Amino acid sequence: MSVQLNSHTRSQLESLLRDAFKGKGFQKLNELVQEKDICPPQKYSKSLLNQLDKTLKKELDKNEFSNVSLLLKCIQLYCRSDPQEGLDLFLQEGLIPKMVTWFERTREFLSLIDPNESKFLANLIEDFFDTALIISKSNSEGRRQLLESFIPYLGHLATESDVTCAIQQETLRTLNTLLDNAGREERKKFVVSEEMGLLTKELAKTILDVGDYDIQVAVVEALFRLTLKKWRDELVHNWFEDQHIAKAFTEIKDRDFETDSRKFLNEVNETLGDKRR
């Protein structure tokens, strides 16, 4: 039976969340989330995010990945039902820093649990990506905060050799989508950031190590989105020890990105020879 929300049920999502916080289970919350479309906008109490933060961490500690996914989907519902006022309140309460902490704790499980053996863990990673994309699409302040603090963690996950190709591909897709709306001023900040400098170097190394053409293309795209051309032409010599590869990278033009990046990667993979994965 569908759960219908009307003008008298603006607090239904919060009410079910508070039941879950008190240990009354997640079943009714799950039924509501399956509806996906929640109208009218849901009311939000100031203490809700902190309680959600505590519960989410507790469920992570118990390896209850499906419950963590459910809580992230609740955040997505708040974002969709009230993308301005409701999401602004979440952001003021520190949603993005908390989300970074949750994501980092989840990343630790990737080195302990094979995501191929835990579909709930793989699904949880994707729910983080979906949450970030919804926030970025819905709210300009949310997008700004994600670019400042979430991007490095996404980038580092994309460079980890012990995660599956599927996760690397989804990570890079999310990274590039978030970077799609980054303006010139935001990319200037990336260039002067030591953290982003280390990230771009790791991404460049991934091109040589990853052994998957689609991932290589996505990494090249990320490097272009993270930098401006005048700095890229200088940074490339730090990215690649082989100056032939560095020169080939500088010949990729924005207007002919697809063709030029293919030429570049063909040269890279020929140069690697037997060292290719």
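1. Let's start with helix 4, residues 65-81: at 1.5 Å a residue its 17 residues should span 24 Å, and its end C-alpha atoms are 24 Å apart, so the two agree. The expected span is 1.5 Å times one less than the number of residues. Helices here are DSSP runs of H or I, at least four residues, numbered from the N terminus.

2. Before going on, note that this is a predicted model, where local features need pLDDT of at least 70 and side-chain atom pairs count only at pLDDT 80 or more, while totals for chains, interfaces and linings use all residues. Residues are numbered from 1 along each chain as its sequence is written, and side-chain values use heavy atoms, with hydrogens and water left out.

3. Helix 4 is largely enclosed by the rest of the structure, because 14 of its 17 residues are buried (under 20% relative accessible area, 1.4 Å probe, protein chains only).

4. On to the rings: the whole structure holds 11 aromatic pairs (ring centres of Phe, Tyr or Trp, the last by its six-membered ring, within 6.5 Å; planes under 30 degrees apart are stacked, over 60 edge-to-face, the rest tilted). One of them is Phe103 with Phe129, tilted, at 6.4 Å centre to centre and 55° between the planes. Phe103 lies in helix 6 and Phe129 in helix 7, so this pair ties together parts 26 residues apart in sequence.

5. Phe103 also pairs edge-to-face with Phe150, at 5.0 Å and 65°. Phe150 sits in the loop between helix 8 and helix 9, so here the parts tied together are 47 residues apart in sequence.

How values were computed: Helix = DSSP H or I, 4+ residues; strand = E, 2+ residues; numbered from the N terminus. Buried < 20%, exposed > 50% of the residue type's maximum accessible area, 1.4 Å probe, protein only.
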